[in-house]
Amino acid sequence: MQNTVPATFKNSGAPVTPPAAEPQLPTCVDCGSSTGTLKPNGDRYPSGAQKFVCAVGCTSTPDELYTLWQGMTIGETAATPLPKLLALLGVTVEEVEPEELPIGIHATFHGQIGDAEIKLSRSLPQVEREPIVREFLNTITPDVAHRRKGPNQYRVTKQITGTVQCYDWCSEPHHEHTGNIEDIVHQSARITLELPTENGPMAVLYAQIAVDQFSTSEVQRKPHIVIDDDQSLYFLPLMQSVEFSDEMFEFATALREMTSKAAGK
């Protein structure tokens, strides 16, 4: 039987290098996202660490978002899907009825980087919506701004001074108006229906006369009554307003009768 001699190994003396640890990607302390950039240390981060500016903006100030936005190249911006850009810049987009926007305007922007809203007309073709949104985003800053987008073709105009004939009941200071004539809406003073409560009167309904001569609605281009319940606006032609008045009178009469019955009279 052959003896087995244990194998021996000679130490070469070279230092043993442990395997390198995998690099740890910085992450957002709030949402855990690893998409973003490292910035100098801030007050909310441990001393000596770098602050991670999350690409979705949950830990970024408007100025930090603007710096991140400004650092993106044109190619990066163009290649970034629109939903991701909107999330990065804190912008929401809402589709509204054309009547909710000023005449001749099909898109509006309000706000600043980190908190802004874009409204698009539902009548705007789908192919035109994204270019308009991106155009608004290209001009976004940390300062609050208001912007509008009108037709692609503009007429050459010049400012003129003119006289606008007002209705006797109109209470708007149109003699001070300096904007577009299309923005002039004739309105009377409002009347208010109040509900007496233990905390004082509470307005439940408003009414006023109005005329919007440049409205797309035939009803609103003529004298009509606007009913406002703080939730919706109702534009009533004069005959419907008379019917509504009669119904309110009948309601008031019935309410008085109920009150008398409750009082035992």
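Start by selecting Leu193, Leu195, Met202, Val204 and Met248: together they make a nonpolar surface patch of about 390 Å². (Patches here take residues with over 30% relative accessible area and no salt bridge, with nonpolar side chains, meaning Val, Leu, Ile, Met, Phe, Trp or Tyr, joined within 5 Å; a salt bridge is a side-chain nitrogen of Lys or Arg within 4 Å of a carboxyl oxygen of Asp or Glu; areas come from the Shrake-Rupley method with a 1.4 Å probe, and for residues only the protein chains shown count as cover.)

Before you go on, know that this is a predicted model, where local features need pLDDT of at least 70 and side-chain atom pairs count only at pLDDT 80 or more, while totals for chains, interfaces and linings use all residues. Residues are numbered from 1 along each chain as its sequence is written, and side-chain values use heavy atoms, leaving out hydrogens and water.

Now colour the strands. β8 and β9 (202–211) each give at least two residues to the patch. (Strands, E, at least two residues, and helices, H or I, at least four, are DSSP runs numbered from the N terminus.) Click on Leu195, which sits in strand β8. (Buried is under 20%, exposed over 50%, partly exposed in between, with a 1.4 Å probe and protein chains only.)

Next, Ser188. Look in the loop between β7 (186–187) and β8 (191–195). Serine 188 is buried, at 10% relative accessible area. Its side chain reaches the backbone nitrogen of isoleucine 209 at 2.8 Å. Leaving aside neighbours within four places in sequence, serine 188 touches Trp169, Ser171, Gln208 and Ile209 (contact means heavy atoms within 4.5 Å).

Now for the inside. The largest nonpolar core has 22 residues, and Trp69, Leu89, Val91 and Leu137 have the most contacts inside it. (A core is a set of buried Ala, Val, Leu, Ile, Met, Phe, Trp, Tyr and Cys residues joined through side-chain atoms within 4.5 Å.) Select α1 (62–70), α3 (82–89), β4 (107–112), β5 (115–121) and α4 (126–138): each supplies at least two residues of this core. The largest share, 5 residues, comes from α3.

Zoom out to finish. The protein chain has 6 helices and 11 strands, and 26% of its 265 residues count as buried.

Conventions. Polar contact = N/O pair within 3.5 Å; in protein donor to acceptor, adjacent residues only side chain to side chain. Patch = residues over 30% accessible without salt bridge, like charges linked within 9 Å, V, L, I, M, F, W, Y side chains within 5 Å.
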